[in-house]
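Open the model in your viewer and follow the stops below. Each stop says what to select and what to look for there.

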Amino acid sequence: MIANILSIAGSDPSGGAGIQADLKTFAARGTYGMAVVTALTAQNTKGVYGVQVISASFVADQIRAVFDDVRVDAVKIGMIANAEIAETVADILSRQPDVPIVLDPVMIAKGGASLLAEQAVSALRDRLLPLATVVTPNLPEAAALLGEPEARDRPTMAEQAEALRALGARSVLVKGGHLPEDESPDVLADPTGLTWLEGRRFQTSNTHGTGCTLSSAIAAELGKGNDVVAAVRTAKLYLASAIRRSGELDVGSGHGPVHHLHATS
């Protein structure tokens, strides 16, 4: 049976991030994708020029419509935009305890634009994070969630992963792409301890939507029934290939997208 995966996130009209990236990733991983829109953005590979936030009540209507009719095998949460939406999403998903949830705490776009209201950070941390099967912050996001300085080395990354898991998440994947070193390591904190996942750092500007893509790939693998470690390893390999082959695309003049459907071309 093909797994059904739901994304709750914002829209990127240029197609590289947000629900557009999520749906491409779900399809690439052999799953059926669905999407609840939390915000509309005016953006491209060069930046974000405007955001229209969907009302929390209509976000709730969208989620209920999906769950009332479709079996949902996993959920990916991306751009939440504000505290009211965070509270609403948490209220509904707390009634679905058997559905794996991947929380990508989207806060800042690649070009630097804020995608999460400042007062919403606590709502995301206190309400959504404890529901998550996996949380996937990068180094700035992990620091913001903890109210600490950004990690600059592996020991601090590991400490922050454990600190985030202590807030209630089952597993935390802290992504090390911002580390000042030649490689791009991630660390996974789960009930068994810490697992380091090494990664190659690619010399490319085509990194738009990498966080969305990785978290969506993890959700797809969890929806298929894989455990967290296997899901993360598979998702990282998929993303690495999507980045490596991103040069086959000709999309925009800023931070280009990864090649989500590289396996079909």
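Is N138 buried or exposed? Select N138: at 17% relative accessibility, N138 counts as buried. Buried means under 20% relative accessible area, exposed means over 50%, and partly exposed lies in between, with a 1.4 Å probe and protein chains only.

Before moving on, note the ground rules. This is a predicted model, where local features need pLDDT of at least 70 and side-chain atom pairs count only at pLDDT 80 or more, while totals for chains, interfaces and linings use all residues. Residues are numbered from 1 along each chain as its sequence is written, and side-chain values use heavy atoms, with hydrogens and water left out.

**Stop 1: around N138**

Stay on N138. It sits in the loop between strand 6 (134–135) and helix 5 (139–146). Helices (H or I, at least four residues) and strands (E, at least two) are DSSP runs, numbered from the N terminus. Now show E141. The N138 side chain reaches the backbone nitrogen of E141 at 2.9 Å. Such a polar contact is a pair of N or O atoms within 3.5 Å; within protein, one must be able to donate a hydrogen and the other to accept it, and residues adjacent in sequence count only if both atoms are side-chain atoms. Contact means heavy atoms within 4.5 Å.

**Stop 2: the whole chain**

Zoom out. The chain has eight helices and nine strands. Its C-alpha atoms fill a box of roughly 45 × 40 × 40 Å along the principal axes. Buried residues make up 54% of the 265 residues. Among contacts with a separation of 6 or more, 67% are between residues 24 or more positions apart.

**Stop 3: S7**

Select S7 in strand 1 (residues 4–11). S7 is buried, with a relative accessible area of 0%. Show D22 next. The side chains of S7 and D22 are joined by a polar contact of 2.6 Å.

**Stop 4: L40**

Go to strand 2 (residues 32–44) and pick L40. L40 and I54 are 14 residues apart in sequence, with their C-alpha atoms 7.4 Å apart in space. Leaving out residues up to four places away, L40 touches S11, G50, V51, Q52 and I54.

**Stop 5: A81**

Select A81, in the loop between strand 4 (74–77) and helix 3. Check the backbone here. Phi of A81 is near 80°, a positive value in a residue other than glycine. Most residues other than glycine have a negative phi. A81 counts as buried, at 8% relative accessibility.

**Stop 6: A86**

A86 is buried, with a relative accessible area of 0%. Which residues does A86 contact, beyond its neighbours within four places in sequence? They are I80, A123, L124 and L128. Finish by selecting D126. A86 and D126 are 40 residues apart in sequence and 9.7 Å apart in space, C-alpha to C-alpha.
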